[in-house]
Amino acid sequence: MTTPIQEVTETLDTSGLLCPLPVYKAGLVLSRLAPGEVLHLITTDPGALEDIPALARQRGDALLGVDNQGSRQLFWIEKGSQQ
Amino acid sequence: MTMAALNLDILDNEPAPRPKRIALVASKGTLDQAYPPLILATTAASLGWEAGVYFTFYGLDIIHRKRLPKLKVASLANPSGPIQLPNLLGAIPGATAAATGVMKKWMRDAKMPPATEFIEMARGLGVKFFACSTSMGVMGVKEADLIDGCLVAGAAAFLDFAGDADVQLFI
């Protein structure tokens with residue numbers, strides 16, 4: 001699934017980092033963002049394809065898009081309002 | 001009171017949804033076994049959960065000011081350890097230090113933070129650290145020996161926290 005997202009508030013590149021660091025670092029950014037703002041997250045940990053959707057689901061954020069490029073994964077997460 | 005009235009009453013007083021909670025017991029004090037509770041607690045807190053870790057028996061070393069930076073992993077009786085030695089050789093001086101050195105190199109190469117840094121990450125996210133008071137008494141550990149911010153408590157206090165947890169794990 002590829003979803004071009006126009007308005008990215010912040011980009012976080014966690015290339016080379018393994019679980020739990022992408023989730024931990026993304027969580028820190030999402031906690032800082034205002035509802036409706038969008039985090040663009042880059043990962044290379046293959047587990048992130050499962051972990052980042054789980055992060056969004058558990059936090060109440062919206063996963064707007066995923067782009068699995070094989071060697072890396074791109075995510076767009078919109079901060080939810082229920083936090 | 002009729003059922004309809006009762007239901008309305010519940011709706012009017014609906015509490016805010018409670019965050020999920022994880023309660024972990026960290027019972028082992030080796031370098032390899034320090035990571036799972038710290039990773040799980042840090043991850044849970046990142047997901048917006050409440051997280052607490054009860055450090056008991058050898059697990060106390062993970063929150064021990066002086067022992068935390070010196071956690072070790074042994075080759076002896078550890079067939080999955082970082083270096084593969086016959087047990088007889090694993091008993092010689094230096095074998096545990098060598099295995100510990102290899103594991104720390106694994107972690108560095110994989111860009112995994114040391115246990116000391118995971119402790120700081122967990123604390124920064126508000127993870128609760130319970131220090132088992134019985135283990136402290138048995139093993140002669142004083143509150144001043146522990147890193148800051150630990151709650152010295154017995155099993156009842158931990159179970160009071162764990163009883164409302166959605167996930168409980170013993171490590």
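Visitor: In β4(A), which residue is the bridge partner of His40(A)?
Guide: Strand β2 (residues 38-43) of chain A and strand β4 (residues 73-78) of chain A pair in the antiparallel sense over six bridges. Two strands count as paired if DSSP finds at least two bridges between them; strands (E, at least two residues) and helices (H or I, at least four) are DSSP runs, numbered from the N terminus. In β4(A), the bridge partner of His40(A) is Trp76(A).

Visitor: What pLDDT do local features need here?
Guide: Residues are numbered from 1 along each chain as its sequence is written, while chains are lettered from A and ligands numbered from 1 in the order in which they are written. This is a predicted model, where totals for chains, interfaces and linings use all residues, side-chain atom pairs count only at pLDDT 80 or more, and local features need pLDDT of at least 70.

Visitor: Which strands of chain A stand at the edges of the sheet?
Guide: The open sheet has four strands in the order β1-β2-β4-β3 (chain A), with mixed pairing. An edge strand has a single partner strand, so one side of it is left without a neighbour in the sheet; here that applies to β1 (10-13) and β3 (62-68) of chain A.

Visitor: Which residue takes a positive phi in the hairpin of β3(A) and β4(A)?
Guide: The two strands run antiparallel and are joined by six bridges, with Leu63(A) standing opposite Ile77(A) in β4(A). Between the strands of this hairpin there are four residues, and the one with a positive phi, near 90°, is Gly70(A).

Visitor: How many residues of chain B are in contact with chain A?
Guide: Contact is defined by C-beta atoms, placed from the backbone, that lie within 7 Å. On the chain A side, α1 and α2 (48-59) are the elements that give two or more residues. Eleven residues of chain A take part, and the number in chain B is ten.

Visitor: At what angle do α1(A) and α2(B) cross?
Guide: The contact is made by Val23(A), Tyr24(A) and Gly27(A) of α1(A) and Thr42(B), Thr43(B) and Ser46(B) of α2(B). The crossing is left-handed (the near helix is turned anticlockwise from the far one by less than a right angle). The axes come within 9 Å, and they cross at roughly 35°.

Visitor: Which residues of α5(B) are buried?
Guide: A residue is buried if 20 or more other C-beta atoms lie within 10 Å of its own, exposed if 12 or fewer, and partly exposed in between. On the face turned away from the buried side, α5(B) carries the exposed Glu117(B), Glu120(B) and Gly124(B). The buried residues pack against α1 (21-32) of chain A together with α2 (31-46) of chain B. In α5 (residues 115-124) of chain B, they are Phe118(B), Ile119(B), Met121(B) and Ala122(B).

Visitor: In β3(B), which residue is the bridge partner of Tyr54(B)?
Guide: The open sheet of chain B has five strands in the order β4-β3-β2-β1-β5, with parallel pairing; β4 and β5 (167-170) are its edge strands. Across this sheet lies α2(B), over β1 (21-26), β2 and β5 of chain B, at about 170° to β1(B). Four bridges link β2 (residues 50-55) and β3 (residues 128-132) of chain B in the parallel sense. In β3(B), the bridge partner of Tyr54(B) is Phe130(B).

Visitor: Is Gly140(B) buried or exposed?
Guide: Gly140(B) lies in the loop between α6 (133-139) and β4 (150-153) of chain B. With 7 other C-beta atoms within 10 Å, Gly140(B) is exposed.

Methods. Contact = placed C-beta atoms within 7 Å. Axes fitted to C-alpha atoms, helices over the stretch in contact; angles between N-to-C directions.
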